[in-house]
There are 2 protein chains.
Amino acid sequence: MEKNKTTQLSSIKESLIELLNNRDLQPSQKLPSERALSLLFSTTRITLKEALLALEIEGIIYREDRRGWFVCPVRLIYNPLSRCHFNQLVSDQQRSGKTQLLAVRTQPADAQQSKLLELDKNTQLHCIERLRYVDNRPVLYVQNCLISALFPAILAQDLSQSLTLLYQQEYGYQTSRSRFDVTLCGASKEVASALHLAPGQQVLKIGRVNYQQQGIIIDCEFEYWRPDAVLIAIDSHAG
Amino acid sequence: MEKNKTTQLSSIKESLIELLNNRDLQPSQKLPSERALSLLFSTTRITLKEALLALEIEGIIYREDRRGWFVCPVRLIYNPLSRCHFNQLVSDQQRSGKTQLLAVRTQPADAQQSKLLELDKNTQLHCIERLRYVDNRPVLYVQNCLISALFPAILAQDLSQSLTLLYQQEYGYQTSRSRFDVTLCGASKEVASALHLAPGQQVLKIGRVNYQQQGIIIDCEFEYWRPDAVLIAIDSHAG
DNA sequence: AAGTGGTCTAGACCACCCC
DNA sequence: GGGTGGTCTAGACCACTTC
């Protein structure tokens, strides 16, 4: 048999893991440069990079575009069915959260948005783009798309707060049902740059639509997560 | 400004997409070989491969280990909260399903299993490994772990059938609640080889635990999906 | 046996981040 | 300005799949 030939790739992976353990690297700590590591393991940068990419897939390390490789912190546990606000979710897990407003635009729905909202294209939407941090690391790019007609004067509000709260307090909307889907895709330029990813790197995309008490759709949302930063966990009981 | 410098990589990606459109390639059809494509685009295999990997991330093409690159068929839409049997799920979407029994073992729970089952390690489990096909393509490797004591003589049954059905009909168990989590990880040797993936390639992992009417845990399950083959979609209403 | 993708070498230039 | 990761070249050998 002897099918388990140890490739150089897998032995470099093991050496890297050993290195991480021995140095007792802290979460978010930077690894040595690719050039230094390829010298250390007597290999080329391309081969070394393949080993790093493999550890990235396994969720052990992550990359910041042109900044280097870092040790993955513990993932944020996230239940997309829960109505919990981001900030609370984060602090419940003994982490610090922060939200930054990136842009607000009012424009007609594009194909993706109108499909999710079950509306004509060209329906006017408020699109709110925000960046969410966990422990000062950008991990989530969110685009909220509200049907303009249902949210008069919402743009005058503080949009770095929880939108769910605004829905309730200012408009009396309460989400009674939501539908969402989870896919993997390449990051667009905007998303990549906000999350410090290389353009085209993989992100976890969650598209969601919310129904109000009467079953009326009020908005939809597109979340783009750093895949290394989150763990989706769902319980059919807990709302 | 002029930040949008067109890299060779992105222009190769575009040419590839054009090629796919022009040839009107059918789902699951094979692309030309990497060598042929790198000649066609006057580049090296490494650069060309990076372009293919980028299209893989975007879910346009998929890879079979040492067999080549293929066009992605439409994804199977999957709701992990639904109690629907795999075969029905697949045929509801006008696809053909097939299940192959790979192995059955009875052994003490390992760390991962005992954690999910909230049991001592060393509790005896029946581990059933199966491979599921959609349109004759292997897309899902499943390991079901049943607490042996709760399922006497189950190994005498036909295990390529729906286990959920066996639970109900033979033992009177009905799942009343389930918890699951979704992560990305590298494929183990067994999973990779069953799904025709290169070892270490990314898979979508879903770990699930099922509670019976009285809230008793009866089994858990680990699903390893080809990430290109599935789209997770959840509705907070529909069970 | 021929051809494939997987792995690997030994370099190079560039845009960008950080100091 | 020095160093980083991102991109790219022009080859090579091997294990495996397919015929």
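1. A polar side-chain atom of B:Lys49 sits 2.5 Å from a phosphate oxygen of DNA strand C. This value, like the others below, comes from a predicted model. The side chain of A:Thr43 places a polar atom 2.6 Å from a phosphate oxygen of DNA strand C. For A:Gln8, a backbone N or O atom is 2.6 Å from a phosphate oxygen of DNA strand C.

2. These contacts belong to a wider surface. Helix H1 (8–22) and H3 of chain A, with helix H2 (34–40) and H3 of chain B, are the elements that give two or more residues to the surface near DNA strand C. In total, 23 residues surround DNA strand C, and the closest are A:Gln8, A:Thr43, B:Arg35, B:Arg45 and B:Lys49. By class, that surface has 13 charged, seven polar and three nonpolar residues.

3. Which parts of DNA strand C lie within 4 Å of the protein? Sugar or phosphate supplies 57% of the atoms of DNA strand C in that range, and bases supply the rest.

4. DNA strand D has 23 residues around it, and those that come nearest are A:Arg35, A:Arg45, A:Lys49, B:Gln8 and B:Thr43. Of the atoms of DNA strand D that come within 4 Å of the protein, sugar and phosphate account for 58%. The surface near DNA strand D divides into 13 charged, seven polar and three nonpolar residues.

5. An N or O atom in the side chain of A:Lys49 is 2.5 Å from a phosphate oxygen of DNA strand D. At A:Glu34, a polar backbone atom is 2.8 Å from a phosphate oxygen of DNA strand D. A:Arg35 instead has a polar side-chain atom 2.8 Å from a base nitrogen of DNA strand D. The elements that give two or more residues to this surface are helix H2 (34–40) and helix H3 (45–57) of chain A, and helix H1 (8–22) and helix H3 (45–57) of chain B.

6. The two protein chains also touch each other. In chain B, 27 residues are in contact with 27 residues of chain A. About 2500 Å² is buried between chain B and chain A, and carbon and sulfur atoms give 56% of this area. The chain B residues that lose the most area to chain A are B:Ile57, B:Leu184 and B:Ile234, together 22% of what that side buries.

7. How many salt bridges link chain B and chain A? The count is two. A:Arg177 forms a salt bridge with B:Asp235, where the closest N and O atoms are 2.6 Å apart. Between chain B and chain A there are also nine residue pairs in polar contact.

8. On the chain B side, H3, strand S7 (175–186) and strand S10 (230–235) are the elements that give two or more residues to the contact with chain A. S7(B) provides the largest share, eleven residues. The chain B residues that touch chain A divide into twelve nonpolar, nine polar and six charged.

9. S7(B) is also part of a strand pairing between the chains. It pairs with strand S10 (residues 230–235) of chain A in the antiparallel sense, over four bridges. Within S7(B), B:Arg179 is the residue that stands opposite A:Asp235.

Conventions: Residues numbered from 1 in each chain as written. Chains lettered and ligands numbered in written order. Predicted model: local features only at pLDDT ≥ 70, side-chain atom pairs only at ≥ 80, totals over all residues. Heavy atoms only, no water. Near = heavy atom within 4 Å. Polar contact = N/O pair within 3.5 Å; in protein donor to acceptor, adjacent residues only side chain to side chain. Nonpolar A, V, L, I, M, F, W, Y, C, P; charged D, E, K, R; others polar. Contact = heavy atoms within 4.5 Å. Buried area = accessible area lost by both parts, 1.4 Å probe. Salt bridge = Lys/Arg side-chain N within 4 Å of Asp/Glu carboxyl O. Pairing = 2+ DSSP bridges.
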